[in-house]
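Trainee: Could you walk me through this model before I start using it?
Mentor: Gladly, let us look at it together.
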Amino acid sequence: MKKPLGYRMKKYRVLIPFVVIGIVYYFIFNYIPIIWGFIISLKDFKVGSTISSAPWVGLKNYIEVIENPEMKKLLINTLRISVARLVFNFIPPILLTLVIFDLKTAVFKKVGQTIVYVPHFFSWVIIYGIVYAFFCGTGFVNATLTKLGLQTQDFLTSKQAFVPLLVGSQVWKEAGWNTILYFAALTGINPELFEAAKLDGAGPIARIRVISLPTMLPVITFSLIMSIGNILNNDFEQILLFYNASVYEVADIIDTWVYRVGLGKMQYSIGSAVSMMKGVISMLLILGSNKLSRKLTGRGMF
């Protein structure tokens, strides 16, 4: 029988202040900016004026964004990079988790986890420096190609190499950190299940298929839905560091355009309109993918 609200409030009274702090934090730093951003997107906001004094223009900014001839190219570039990230960043953390979790010695597990976590704490400036040292015109890769008598190439100015370098560096940086949720799911498994499976003759692959993957499935579903919802949101800082005039045609995405137009040209209303459109599309993608997941697998985030 469900307890009355007053009884539950009294029972968990120690936790209520922490919940209130979390709600206030998200309201101030997340919801209020969304409200102000939506208002700015409906106005012709200029530097020197206030949000309240700026004239209303309705959907003019949204129409201008939709009719902008650059949008098609920006959307294609954004989706190309996002889909590549989704495809190549989703599987490695799962495989890495299964490999490390199956190590026999606890010390090896902890050392392995620590090693794969470290790149996450490097800033993108450091990551770009490492990539530059390997793939620039005089970098390690080209020096090796020269010694082998092969043709060299400046990968950092190559349109074909831009997305692979972008995705590859992100996999190296974030794959280890993204294993945290999967490790949390696996640590909740009763070790006796693995012992029983071994006694029944199940090998490592069979144990992964029958025990590990089903246990990880809710977390995998959650990660996939969140990744689909963020498909229009690329890592802006990384792309800003990696792109240059030579790869501009394939590297310019919605976020860099907003940065260039919204901040560089001080068209804040246009930038807010794009951000609101992205937010709405992301929300629809999350709701749609969650509904589809529930229909196909019986699992979802909510």
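Trainee: What is the mean pLDDT of the protein chain?
Mentor: The mean is 87, with 98% of the residues reaching 70 or more, where pLDDT is the predictor's confidence in each residue, from 0 to 100. This is a predicted model, in which local features need pLDDT of at least 70 and side-chain atom pairs count only at pLDDT 80 or more, whereas totals for chains, interfaces and linings use all residues. Residues are numbered from 1 along each chain as its sequence is written, and side-chain values use heavy atoms, with hydrogens and water left out.
Trainee: How do helix 6 and helix 7 cross?
Mentor: Their axes, lines fitted to C-alpha atoms over the stretch in contact, with angles running from 0 to 180 degrees between N-to-C directions, come within 4 Å and cross at roughly 15 degrees. Helix 6 is therefore roughly parallel to helix 7 (angles under 35 degrees count as such).
Trainee: Which residues make the contact?
Mentor: Ala 133, Phe 134 and Phe 135 of helix 6 meet Phe 140, Val 141 and Asn 142 of helix 7, contact meaning heavy atoms within 4.5 Å.
Trainee: Switching topic, where does Met 266 lie?
Mentor: Met 266 lies in the loop between helix 14 (254–264) and helix 15, and its phi is near 60 degrees, a positive value in a residue other than glycine.

Definitions and conventions:
Helices (H or I, at least four residues) and strands (E, at least two) are DSSP runs, numbered from the N terminus. Angles under 35 degrees count as roughly parallel, over 145 as roughly antiparallel, 65 to 115 as roughly perpendicular and the rest as oblique.
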